[in-house]
Amino acid sequence: MPRPQPLLSFEVDTSGQDTSLKHDDFDSEFRRTWYHYLPLCFLLFLMVAPYPSLLIVLANHYLLTLNKPITVVIHFLITFTLGFLAFASLMVCVARDPGPVYFNASDQDPIESQREDMGLAEALMTMENTDDCGPDKFCRKCWVPKPERAHHCSICGRCVLKMDHHCPWLGAKCIGYRTYPAFVHFLTCITAFSAYVATISISAVRWSFENPLLVPDQSTPVHELLLAAAGVIFTLVVGSFLVYHIYLITTNQTTVEALSPFLLLRYIPPLPVSMKLSEPPMEEELSYNQRRAVRDAHRFVRMYDVGWRRNWAQVFGWSKPQGWIYLLLIGGAVNGDGRSFPRNPRSQEMLSQLAARLEKEA
């Protein structure tokens with residue numbers, strides 16, 4: 001999908017060649033090579049590695065030793081269903097664009113359609129009158145409109161709608177507005193799979209230690225120990241990551257917003273001219289006390305927290321008919337266009353208090 005070109009260009013062509021930006025120039029800024037996919041390949045290996053040992057444990061312990069075929073079928077269906085759902089959400093994260101800030105071909109950008117016939121005055125007026133393309137909402141690095149909650153990824157060299165973080169495990173791609181539900185779904189499936197495998201493996205290991213003479217195969221307890229250890233480790237590691245993202249969804253934050261307190265400076269009311277700060281202020285322009293004031297306010301100001309029910313519905317698209325099907329398969333579908341979001345009614349009052357404190361600490 002091609003990105004729009006800058007509205008204005010002040011480069012002078014002295015070679016006589018066509019120096020206009022091609023559509024592929026923006027998309028090829030970050031060219032992924034084979035080593036960028038090594039973490040993804042390793043992740044796929046980790047996802048399929050437990051299944052041989054799991055089948056050995058199910059066959060030797062639960063079927064041949066305990067003679068519980070129904071239990072084997074239940075464990076088999078649960079583990080392979082969780083694995084399938086994890087692969088489904090992983091494919092969505094890898095294949096789907098995380099959130100382009102430019103328009104689709106079917107949704108023609110009015111600025112794009114008039115760019116060729118637009119002069120300097122018309123271009124500046126368009127930037128001033130367009131919400132997505134205002135002077136304070138225009139990325140200075142990739143030359144595209146920068147909607148609300150969009151951020152520029154320095155690794156990918158592009159802006160992403162509601163960017164959460166850049167993930168090297170997914171083929172060096174970003175997690176953004178369109179892939180975040182699938183990403184949380186992936187974490188949930190991996191955590192549930194790891195916990196379930198750890199549970200059935202620990203149960204098998206315990207039985208083997210209590211009845212060593214009844215174990216038909218000497219290698220089966222080894223597989224049980226390996227599965228139990230791996231299951232516990234991945235449950236703790238991935239599960240803690242999942243718990244953190246559950247907190248972010250409940251408070252309607254992204255990882256970037258939660259870890260970057262100075263993003264609040266984008267939303268504070270205009271400060272007095274006598275303070276000689278940029279509009280909006282930059283972090284490096286603030287004093288120590290002013291920076292501490294911003295960090296203190298960041299712990300309480302939740303710009304987009306509109307209640308945990310609406311926060312979860314906003315991320316997973318529960319308001320859509322049959323939305324639970326998408327939620328079950330790939331993590332749901334997002335609501336809205338990813339360019340504007342409802343704000344916390346109390347956030348503006350808290351930002352005004354922050355602005356007053358910044359003025360006091362000047």
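Ile202 has a relative accessible area of 43% and is therefore partly exposed, a class that lies between buried (under 20% relative accessible area) and exposed (over 50%), judged with a 1.4 Å probe and protein chains only. Ile202 belongs to helix 7, residues 180-210. The model is predicted: local features need pLDDT of at least 70, side-chain atom pairs count only at pLDDT 80 or more, and totals for chains, interfaces and linings use all residues. Residues are numbered from 1 along each chain as its sequence is written, and side-chain values use heavy atoms, with hydrogens and water left out.

**The chain as a whole**

- The secondary structure consists of 13 helices and four strands; helices (H or I, at least four residues) and strands (E, at least two) are DSSP runs, numbered from the N terminus.
- The chain has 362 residues, and 45% of them are buried.
- Among contacts with a separation of 6 or more, 69% are between residues 24 or more positions apart; a contact means heavy atoms within 4.5 Å.

**The nonpolar patch**

- Ile202, Val232, Ile233, Phe234, Leu236 and Val237 make a nonpolar surface patch of about 540 Å².
- Patches are made of residues with over 30% relative accessible area and no salt bridge; like charges are joined within 9 Å, and nonpolar side chains (Val, Leu, Ile, Met, Phe, Trp, Tyr) within 5 Å.
- Helix 8, residues 220-250, gives the most to this patch, with five residues.

**Pocket and cavities**

- The second largest pocket holds about 740 Å³ of space. On a 1 Å grid over the protein atoms alone, a pocket is an open set of points with protein on both sides within 12 Å along at least five of seven lines, while a cavity is a set where a 1.4 Å probe fits but cannot get out; lining residues have an atom within 4 Å of a point.
- Grid points are joined across faces, edges and corners, and a volume is the space filled by probe spheres set on the points.
- The lining of the second largest pocket comprises 31 residues, of which Leu43, Leu46, Ile190, Phe234 and Val238 lie nearest the centre.
- Helix 8 gives the most to the lining of the second largest pocket, with nine residues; other elements that each supply at least two residues include helix 2 (38-48), helix 3 (50-65) and helix 7.
- There are four cavities of 30 Å³ or more, and the largest cavity has a volume of about 140 Å³.
- Residues that line the largest cavity include Asn252, Glu257, Tyr267, His298, Arg302, Met303 and Tyr304.

**Salt bridges**

- The count of salt bridges is six, a salt bridge being a side-chain nitrogen of Lys or Arg within 4 Å of a carboxyl oxygen of Asp or Glu.
- Glu257 pairs with Arg149 in a salt bridge, with the closest N and O atoms 2.9 Å apart. Glu257 lies in helix 9 (residues 255-259) and Arg149 in the loop between helix 6 (120-129) and strand 1 (151-153), so the pair ties together parts 108 residues apart in sequence.
- Glu257 is buried, with a relative accessible area of 11%, and Arg149 is buried at 2% relative accessibility.
- Glu210 and Arg206 also form a salt bridge, their closest N and O atoms being 3.3 Å apart. Glu210 and Arg206 are four residues apart in helix 7 and are therefore separated by about one helical turn. Both Glu210 and Arg206 are exposed.
- A salt bridge joins the side chains of Asp296 and Arg299 (3.7 Å, N to O). Salt bridges that share partners join Asp296, Arg299 and Arg357 into one network.
- Asp296 is partly exposed at 23% relative accessibility, whereas Arg299 is exposed at 54%.

**Pro345 and Ser347**

- Pro345 is located in the loop between helix 12 (323-329) and helix 13 (347-361), and its relative accessibility of 73% makes it exposed.
- Pro345 is 41 residues from Tyr304 in sequence and 8.8 Å from it in space, C-alpha to C-alpha.
- Ser347 is in helix 13 and is buried, at 2% relative accessibility.
- Leaving aside residues up to four places away in sequence, Ser347 touches Arg302 and Met303; Arg302 and Met303 also line the largest cavity.

Definitions and conventions:
Areas by Shrake-Rupley, 256 points an atom, 1.4 Å probe, with all protein chains shown as cover.
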